[in-house]
Amino acid sequence: MSEKISYDFVKELYERPLLDLIYEAASVHRANHDPQQMQMCTLLSIKTGGCLEDCKYCSQSIHNNADLEKEILMKTDEVLAQAKAAKDAGSTRFCMGAAWPRVLDGKAFDRVCDMVKGVSDMGMEACVTLGMLNEDQARRLKEAGLTAYNHNLDTSEEFYDKIITTRTYADRLDTLKNVAKAGIAACCGGILGLGESEEDRVSLLHTLSNLDPQPESVPINMLVPVEGTPLENQKPLDIFEWIRCIAVARILMPKSKVRLSAGRLTISKEAQAMAFMAGANAIFTGEKLLTTANPEEDFDAGLLAELGLRPEVPYTSEAVKQGCGKLGGCGCAGTNMNDEQISKQIEAA
Ligand code: SAM
Ligand code: DTB
Ligand code: SF4
């Protein structure tokens with residue numbers, strides 16, 4: 001990366017009049033992406049609950065008291081069946097989440113590598129979020145065909161220990177380094193509405209935009225207040241602050257996908273439309289996120305249609321047959337697949 005983005009620059013952006021900020025973000029969006037295209041990603045919790053970390057927002061932490069059915073690691077064929085269903089429903093990325101603080105070598109990790117290979121062979125972008133990871137584990141995931149690793153910073157370094165005490169910000173950054181060294185794209189963002197200050201949001205956006213390389217995708221989660229967690233009664237964040245963060249993220253990380261993640265269920269369609277205007281160009285679809293509910297498929301399909309947006313073209317389509325998946329030249333959004341994966345898709349198409 002060339003020059004570092006200064007904190008003052010991010011703060012100045014953040015403090016601009018909202019409509020000016022959205023106008024600027026929309027211009028950056030249009031200069032770098034097809035503004036009509038929306039990436040559809042589907043999530044699956046492949047191992048649920050029983051996590052040793054103490055993230056105060058999370059339904060899956062053993063330190064919290066959420067009413068959650070724990071589940072052991074799913075079987076590979078069950079996961080691949082769900083990936084196929086997601087693909088048939090129009091998703092181009094399948095993201096598998098395990099409630100692990102870190103990856104441990106052994107049979108469970110071997111199985112996750114098989115899942116990644118299966119999803120990638122199916123012609124979807126494969127993403128996993130498994131907690132902390134060393135260099136060798138990242139390399140194995142890359143070999144299996146992983147497109148992206150989701151590992152969020154969640155909030156500012158300054159506010160971090162109010163939310164999580166069992167790991168540090170530096171631990172998070174270390175894993176992101178291992179992911180980058182293996183040549184895997186990082187999907188890295190945060191959660192808004194944890195009770196953080198405006199300075200914390202500025203600081204998070206500052207850190208994210210100075211990651212080298214910048215994240216390939218930036219999930220913007222709005223806190224889903226889960227009963228039984230310490231944040232169950234957290235006051236909701238003003239929706240314009242959420243939109244402001246999306247606009248700033250778009251301007252600071254022009255090439256990244258900015259993904260509306262947790263929290264969409266309680267956000268009006270008008271606010272989501274404003275977020276798309278401000279540069280968001282990916283969503284999680286499907287009725288469930290990991291353990292909490294997401295808008296119905298019909299709602300999303302209706303919203304996209306009303307706004308004249310269209311899902312990113314699946315890579316097994318005509319677009320891939322033309323070999324332009326990587327360039328986006330045929331109207332498809334382009335992909336992060338490597339040449340070998342693209343070749344497989346062209347064969348399969
Ligand atoms: N254990 C892994 C980790 O923490 O990296 C992966 C799974 S974790 C559930 C993935 C991300 O989901 C978290 O980093 C957080 O940003 C988001 N998340 C989890 N619970 C949430 C909630 N209740 N509301 C909003 N976002 C949430
Ligand atoms: C991300 O940033 N958000 C997604 C995905 N990455 C793994 C997860 C959202 C989880 C929301 C709470 C739940 O459903 O458990
Ligand atoms: Fe575990 Fe991830 Fe939940 Fe934290 S966010 S408790 S690390 S599953």
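What share of the contacts in the chain with a separation of 6 or more comes from residues 24 or more positions apart? The answer is 74%. Please keep in mind as you read that this is a predicted model. The chain has 349 residues, and 56% of them are buried. Its secondary structure consists of 13 helices and ten strands, and 21 salt bridges are found in the structure.

**Surface**

- The accessible surface of the chain amounts to about 15,100 Å², and carbon and sulfur atoms contribute 52% of that area.
- If you are looking for charge on the outside, D67, E69, E71, E227 and E232 come together in a negatively charged surface patch.
- One of these residues, E232, sits in the loop that runs between β7 (217-222) and α9 (239-252).
- E232 has a relative accessibility of 34%, so it counts as partly exposed.

- M115 is part of helix α4, which covers residues 107-121.
- With a relative accessibility of 0%, M115 counts as buried.
- Which residues touch M115, once its neighbours within four places in sequence are left aside? They are I46, L73, M74, K75, T76, V79, L80 and M96.
- M115 and A83 are separated by 32 residues in sequence, while their C-alpha atoms are 9.6 Å apart in space.
- S261 belongs to a loop, the one between β8 (257-260) and α10 (269-277).
- S261 counts as buried because its relative accessibility is 1%.
- Setting aside neighbours within four places in sequence, S261 has contacts with P219, I220, N221 and F284.
- T285 is 24 residues from S261 in sequence, and the C-alpha to C-alpha distance between the two is 9.2 Å.

**Backbone features worth a look**

- As background, most peptide bonds are trans, and most residues other than glycine have a negative phi.
- In this model, the peptide bond leading from D212 to P213 is cis, with omega near 0°.
- P213 lies in the loop between α8 (198-209) and β7.
- D154 is not a glycine, yet its phi is positive, at about 70°.
- You will find D154 in the loop between β4 (148-150) and α6 (160-163).
- D154 has a relative accessibility of 2%, so it counts as buried.

- E199 and K11 meet through their side chains in a salt bridge, with an N to O distance of 3.8 Å.
- This pair ties together distant parts of the chain, with E199 in helix α8 and K11 in helix α1 (residues 7-14), 188 residues apart.
- Are these two partners buried or exposed? E199 counts as partly exposed because its relative accessibility is 39%, and K11 counts as partly exposed because its value is 23%.
- R93 and E125 form another salt bridge, in which the closest N and O atoms are 2.9 Å apart.
- Here too the pair links distant parts of the chain: R93 is in strand β2 (residues 93-98) and E125 is in strand β3 (residues 125-129), 32 residues apart.
- R93 and E125 are both buried.

**A salt bridge within a helix, and its network**

- R244 and E241 form a salt bridge whose closest N and O atoms are 3.8 Å apart.
- How far apart are R244 and E241 along helix α9? They are three residues apart, which means that about one helical turn separates them.
- R244 counts as buried because its relative accessibility is 13%, and E241 is buried with a relative accessible area of 17%.
- Salt bridges with shared partners bring E196, R201, E241 and R244 into one network.

How values were computed:
Residues numbered from 1 in each chain as written. Chains lettered and ligands numbered in written order. Predicted model: local features only at pLDDT ≥ 70, side-chain atom pairs only at ≥ 80, totals over all residues. Heavy atoms only, no water. Patch = residues over 30% accessible without salt bridge, like charges linked within 9 Å, V, L, I, M, F, W, Y side chains within 5 Å. Areas by Shrake-Rupley, 256 points an atom, 1.4 Å probe, with all protein chains shown as cover. Salt bridge = Lys/Arg side-chain N within 4 Å of Asp/Glu carboxyl O. Lys, Arg positive; Asp, Glu negative; His and termini not counted. Charge placed at Lys NZ, Arg CZ, Asp CG, Glu CD. Helix = DSSP H or I, 4+ residues; strand = E, 2+ residues; numbered from the N terminus. Buried < 20%, exposed > 50% of the residue type's maximum accessible area, 1.4 Å probe, protein only. Contact = heavy atoms within 4.5 Å.
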